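Please work through each task before reading its solution.

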Amino acid sequence: MKRWITHATIAVDDAGRMYRVACVPSTPVGNRLDGTLVIAPPIPAGVRRLTVTVGTVLDASEGRQTSGPWVFPIPLGQGP
C-alpha cells in the first residue's frame with residue numbers, strides 16, 4: 001500500500017501570521033492525495049483566508065519524492 005508524506009509545509013493567514021503545520025501520512029485516491037493537516041497555534045477570529053503551501057510529497061513506500069510547491073488558498077467562514 002502506498003503511503004504519502006508531505007514535507008516543508010507552511011501556512012500563512014491574510015495578516016501574514018505563520019503557523020506550524022503537522023502533516024498526517026495519507027493514502028492516494030486516484031490522482032488525489034487525501035490527508036489531514038494539523039495547524040497551530042489556533043487561528044484568530046476574523047481571519048478570512050489561510051494559504052497552505054506544500055513543498056515536497058514523499059512516497060514513503062518507494063522513497064520517491066515529488067517537488068512542488070503546491071499552494072492552496074483556503075477561504076475561512078465567519079463561524080456562528
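**Exercise 1.** Determine the accessible surface of the protein and the share that belongs to carbon and sulfur atoms.

Solution. The accessible surface, from the Shrake-Rupley method with a 1.4 Å probe, comes to about 5,500 Å². Carbon and sulfur atoms account for 59% of this surface. The model is predicted: local features need pLDDT of at least 70, side-chain atom pairs count only at pLDDT 80 or more, and totals for chains, interfaces and linings use all residues. Residues are numbered from 1 along each chain as its sequence is written, and side-chain values use heavy atoms, with hydrogens and water left out.

**Exercise 2.** Describe the secondary structure of the protein.

Solution. Counting DSSP runs (helices: H or I, at least four residues; strands: E, at least two), the protein has zero helices and five strands. From the N terminus the order is β-β-β-β-β.

**Exercise 3.** Locate the salt bridge and classify the burial of its two residues.

Solution. The criterion is a side-chain nitrogen of Lys or Arg within 4 Å of a carboxyl oxygen of Asp or Glu. One salt bridge results, between Asp 13 and Arg 17 at 2.7 Å, N to O. Burial follows relative accessible area (buried under 20%, exposed over 50%, partly exposed in between; 1.4 Å probe, protein chains only). Asp 13, at 5%, is therefore buried, whereas Arg 17, at 39%, is partly exposed.
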